[in-house]
Amino acid sequence: MRPLRAACLGTATALATLLACAPVAAAAATDTDSAHAKGRGRVFTLIGRLAEETRFPVNPGGAPAQGDRAVFRSILFDQDGNQVGETGGTCTTTQVDNGGVEECVVTYNLPGGQLSSQGMVIGFLNPGPPPSFDNGITGGTGDFDRARGMIHADTIAPGTRRFTIDLDH
């Protein structure tokens, strides 16, 4: 099996980007009466480490193909190394030429709620470390109700990504 080169440890990835709720100070919300405003203006960073991954290739043992799917789970840590959550998601290969493209959907399970993200990872089949990517935050639950923004992911070591989460940027 080929490695999951662009796992959204996301958006998320991730995870990852992918979300250090406990130790991160949030910026003051402008609308303190609504639940969805709690996270407005927050930017924070998490580290995601791949914990599990299963690939479902269209052509087992063959070349990458449109429709290949990866299912993964990552553990999320704050900048002090404290475990603060996890991600779970899937990526589906949509293009195999020009370095490949995957469409990823990732949920970040964090203290206070969940964040959902979605987006493309371009170039995941290219040699070298997995590419950086940006995925959109499409919603959330609890403290992240009606969340919007983006997650930027960078590979910092094999199986490890840094996620910068920008809520309502």
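Strands are DSSP runs (E, at least two residues; helices are H or I, at least four), numbered from the N terminus, and two strands pair if DSSP finds at least two bridges between them. This is a predicted model in which local features need pLDDT of at least 70 and side-chain atom pairs count only at pLDDT 80 or more, while totals for chains, interfaces and linings use all residues. Residues are numbered from 1 along each chain as its sequence is written, and side-chain values use heavy atoms, without hydrogens and water.

**Exercise 1.** Find the pairing of strand β2 with β9 and with β3.

Step 1. Strand β2 (residues 43–56) runs antiparallel to strand β9 (residues 160–167), with 7 bridges between them. Arg49 lies opposite Thr160 of β9.

Step 2. With strand β3 (residues 69–77), β2 forms 9 bridges, also antiparallel. Here Arg55 has Ala70 as its bridge partner.

**Exercise 2.** Locate and describe the disulfide (a pair of cysteine sulfur atoms within 2.5 Å).

Step 1. The structure has 1 disulfide: the sulfur atoms of Cys91 and Cys104 are 2.0 Å apart. Cys91 is in strand β4 (residues 83–95) and Cys104 in strand β5 (residues 101–110), 13 residues apart.

Step 2. The S-S torsion is about 115 degrees, so the disulfide is right-handed.

Step 3. Buried means under 20% relative accessible area, exposed over 50%, and partly exposed in between (1.4 Å probe, protein chains only). Cys91 has 0% and is therefore buried; Cys104, with 0%, is buried.
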